[in-house]
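Me: I have a structure open here and would like to go through some of its features with you. Could we take it piece by piece?

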Amino acid sequence: MAVSSLTMSLVFVKISFLILSLHLFFIPGNAAETLSLSYDFYQKSCPNVEKIIHSVVSQKLLEAPAERDSKINLSLPGDGYDVFFRAKRAVELQCPAIVSCADVMTIATRDLIHLVGGPRWEVTKGRRDGLISKASRVDGNIPRVNQSVSEIIKLFKSKGLSTLDMVALSGGHSIGFSHCKEFISRIYKYNATFDIDPTMNQGFALSLRRPCPKHNLDPTVVALNDVATPFVFDNFYYKNLLKGVGLLATDQMLALDSMTEGYVKRMAEDQSAFFKHFVAAMIKLSGIGVKTGRDGEIRRDCGSFND
């Protein structure tokens with residue numbers, strides 16, 4: 001089902017995955033690095049950091065439905081970042097120049113996932129913020145919707161993450177949305193033989209054509225990644241894939257490729273198994289390429305470098 005408006009809580013979780021990916025995963029480094037992170041890093045310097053962040057995230061989600069019920073548009077990433085900026089400001093009031101934006105984002109992402117039904121895990125802390133932010137570092141380091149499963153596996157492995165990790169992290173699409181341009185090639189003139197991607201449930205594909213027309217496409221319209229339980233973090237994402245109701249080609253192929261289909265079936269059958277693997281993968285993900293010790297800085301504002 002395609003939509004032009006969603007509760008802001010959905011947006012926050014969607015953006016949280018984006019931010020976590022850009023800041024922690026798709027940067028130089030891999031999961032095998034030795035890190036000086038610890039669970040009690042702020043025990044003396046900012047003992048209430050997790051409580052502060054959790055309070056901000058909870059309040060933001062409570063405000064979300066009443067805060068806005070308008071069309072999702074290209075300005076939404078700013079709203080998504082807002083929860084992190086709020087959390088950072090709240091932490092700065094009590095613990096100035098102590099907690100990094102990287103740690104704030106990692107903790108807030110965990111809380112966002114848990115508050116919409118997902119698992120909760122303990123977060124190691126002690127990350128510092130980088131001093132370089134270039135768009136050129138992103139290209140070639142993020143999965144793209146037209147990549148094959150083997151190409152995505154190769155990318156994840158270059159970061160020290162396994163095929164199982166990749167399939168588990170893909171479960172982040174249990175909540176979120178995608179713009180029409182990301183899947184429109186699947187529902188119109190797929191190839192010379194098929195008008196619609198044959199791996200896609202035909203009824204599902206046809207239902208997407210009305211909000212995502214071939215011509216005069218509205219760039220603000222989005223479709224839910226999980227049509228079954230779009231506002232709950234659960235394993236229906238995998239169940240949908242087994243029915244051909246995966247929105248993105250890269251998602252659907254996970255259920256068809258011999259390297260990943262077994263993992264998809266396991267997680268579709270057992271939500272506890274999905275949560276277990278997701279947490280393990282997120283913990284590995286949050287330890288990739290991080291800066292510690294005297295590297296980097298502790299930003300005062302997550303939107304800019306310190307002077």
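Me: Where is Leu131 placed?

Reply: This is a predicted model, and in it Leu131 lies in the loop between helix H4 (101–115) and helix H5 (149–158).

Me: OK, on to helix packing. At what angle do H5 and H6 cross?

Reply: The axes of H5 and H6 cross at roughly 105° and come within 9 Å, and the two helices are therefore roughly perpendicular to each other.

Me: Which residues make that contact?

Reply: From H5 the contact takes Val149, Ile152, Ile153, Phe156 and Lys157, while H6 contributes Thr163, Met166 and Leu169.

Me: How does H6 pack with H12, in angle and axis distance?

Reply: Helix H6 (residues 163–170) packs with helix H12 (residues 271–285) at an angle of about 105°, and their axes are 8 Å apart. With that angle, H6 is roughly perpendicular to H12.

Me: Who touches whom there?

Reply: On the H6 side the contact is made by Leu164, Asp165, Ala168 and Leu169, and on the H12 side by Phe274, His277, Phe278, Ala281, Met282, Lys284 and Leu285. The residues of the contact of H6 with H12 divide into 8 nonpolar, 1 polar and 2 charged.

Me: What about H11 against H12, oblique or perpendicular?

Reply: Helix H11 (residues 261–269) is oblique to H12, since the two pack at an angle of about 120°, with axes 5 Å apart, and an angle counts as roughly perpendicular from 65 to 115 degrees.

Me: Which residues are involved, and how many are charged?

Reply: Arg266, Met267 and Glu269 of H11 meet Gln271, Phe274 and His277 of H12. The residues of this contact of H11 with H12 comprise 2 nonpolar, 2 polar and 2 charged.

Me: Switching topic: how many salt bridges are found in the whole structure?

Reply: A search of the whole structure gives 13 salt bridges, and one of the pairs joined by a salt bridge is Arg86 with Asp82, whose side chains meet at 3.2 Å, N to O.

Me: Why are Arg86 and Asp82 separated by about one helical turn?

Reply: Arg86 and Asp82 are 4 residues apart in helix H3 (residues 76–94), which means that about one helical turn separates them. In general, side chains of opposite charge can pair when their charged atoms come close.

Conventions. Residues numbered from 1 in each chain as written. Predicted model: local features only at pLDDT ≥ 70, side-chain atom pairs only at ≥ 80, totals over all residues. Heavy atoms only, no water. Axes fitted to C-alpha atoms, helices over the stretch in contact; angles between N-to-C directions. Parallel < 35°, antiparallel > 145°, perpendicular 65-115°, else oblique. Contact = heavy atoms within 4.5 Å. Nonpolar A, V, L, I, M, F, W, Y, C, P; charged D, E, K, R; others polar. Salt bridge = Lys/Arg side-chain N within 4 Å of Asp/Glu carboxyl O.
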